[in-house]
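Visitor: I would like to learn how to read a structure. Please take me through some features one at a time.

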2 protein chains.
Amino acid sequence: MEHIKVRKLLINYKTLEAFKRFKAYGNQELSMLEDLESNMVENDSKSPFYGVYYGDNLVARMSLYQIKKKYDFYFEPPQDYLALWKLEVLPDYRGKGYGKALVDYAKSYQLPIKTNPLINSHGFWEKLDFQKAQYDMERDLGENPLIWLPSGVKEKETE
Amino acid sequence: MEHIKVRKLLINYKTLEAFKRFKAYGNQELSMLEDLESNMVENDSKSPFYGVYYGDNLVARMSLYQIKKKYDFYFEPPQDYLALWKLEVLPDYRGKGYGKALVDYAKSYQLPIKTNPLINSHGFWEKLDFQKAQYDMERDLGENPLIWLPSGVKEKETE
């Protein structure tokens, strides 16, 4: 099986242009574009995105960010964890393991992971050992949180 | 023009069954169903949802929840605000003002409102005087926050 390489994406016009092909393009990307245009950030500075290229094309991506322990309301014992969002594989490249490769990369940090998946993607996440977090409205509002627990970590009990 | 009546929705099997016709059915609804089945909540207890009926059918809904001032990272001066999510009108009933009626109901509290709209619904929100909040990754992660400011309230400046 082909090795899939996951790369940290840098903020530059080429990456931001490639992002426009993804469905979840939103305020986060627009804000990076504005920051680049106004020289608030330097070209090729680090973004929170990771991606997979096929040749010269960005075909899959996710955003990944480490949340500090003091903001951890999901895990027991409380600890730093990763928030994963905007995991997306372009339609022509699905079913080839690119999504799994990105999630495996996130897991390699051996920190708990929280994501808020799209409706109807639960089969994908279950196969990767993510489980539904107990829904707590004041914490989760409009989210459908799924979590992944490395060994030794439990879900925090909600009241 | 016909008057559109917005009702607070109560948690019962009929409402939860009606929720299944909405696309954003997720953990929040499943959790209410489990709570009802296990008698954790009483039948007809209050839900965070508001809806519009057409005859006997629930055709539009939103979830609305008051966030306490100490968790306000969006407005200046800091204050209680409303988080609005899962605003949705069933396909056959769109373009008749049901979505606007729900948002107008939320505005009637005269508190600032924050929502995280679906991609491609920005035209709808702009017409209702919602504006894009400045994107702050550590606060907003995968969201595309839009806010509505009642008079005398400003957006909080981010660094």
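Visitor: Is Glu29(B) buried or exposed?

Guide: Two remarks on the source come before the answer. This is a predicted model, in which local features need pLDDT of at least 70 and side-chain atom pairs count only at pLDDT 80 or more, while totals for chains, interfaces and linings use all residues. Residues are numbered from 1 along each chain as its sequence is written, chains are lettered from A and ligands numbered from 1 in the order in which they are written, and side-chain values use heavy atoms, with hydrogens and water left out.

Guide: Now the general idea: buried means under 20% relative accessible area, exposed over 50%, and partly exposed in between (1.4 Å probe, protein chains only). Glu29(B) is buried, because its relative accessible area is 0%.

Visitor: Where is Glu29(B) placed?

Guide: Helices (H or I, at least four residues) and strands (E, at least two) are DSSP runs, numbered from the N terminus. Glu29(B) belongs to helix 2 of chain B. That helix covers residues 27-37, and its buried residues are Asn27(B), Gln28(B), Glu29(B), Ser31(B), Met32(B), Leu33(B) and Leu36(B).

Visitor: Which side chain makes a polar contact with the side chain of Glu29(B)?

Guide: A polar contact is a pair of N or O atoms within 3.5 Å; within protein, one must be able to donate a hydrogen and the other to accept it, and residues adjacent in sequence count only if both atoms are side-chain atoms. The side chain of Arg61(B) makes such a contact with that of Glu29(B), at 2.8 Å. A polar atom of the Glu29(B) side chain also lies 2.8 Å from the backbone nitrogen of Gly26(B).

Visitor: With which residue does Lys86(B) form a salt bridge?

Guide: A salt bridge is a side-chain nitrogen of Lys or Arg within 4 Å of a carboxyl oxygen of Asp or Glu. Lys86(B) forms one with Glu29(B), and their closest N and O atoms are 2.8 Å apart. The pair links distant parts of the chain, since Lys86(B) is in strand 5 (residues 81-89) of chain B and Glu29(B) in helix 2, 57 residues apart. Lys86(B) and Glu29(B) are both buried. In chain A, Glu29(A), Arg61(A) and Lys86(A) are linked in a network of salt bridges.

Visitor: Which residue meets Asp56(B) in a salt bridge?

Guide: Lys14(B) does, at 3.6 Å from N to O. Asp56(B) lies in the loop between strand 2 (45-54) and strand 3 of chain B and Lys14(B) in helix 1 (residues 13-19), so this pair ties together parts 42 residues apart in sequence. Asp56(B) is exposed, with a relative accessible area of 59%, and Lys14(B) is exposed, with 52%.

Visitor: What should I look for in the backbone?

Guide: Most residues other than glycine have a negative phi, and most peptide bonds are trans. Asn39(A), however, has a positive phi near 60°. Asn39(A) sits in the loop between helix 2 and strand 2 (45-54) of chain A and is exposed, with a relative accessible area of 67%. Asp129(A) is not a glycine either, and its phi is positive, about 70°. Asp129(A) lies in the loop between helix 4 (122-127) and strand 7 (131-132) of chain A, and at 54% relative accessibility it counts as exposed.

Visitor: Where is there a cis peptide bond in chain A?

Guide: The bond from Glu76(A) to Pro77(A) is cis, with omega near -5°. Pro77(A) is in the loop between strand 4 (75-76) and strand 5 (81-89) of chain A. In chain B, a cis peptide bond joins Glu76(B) and Pro77(B), with omega about -5°.
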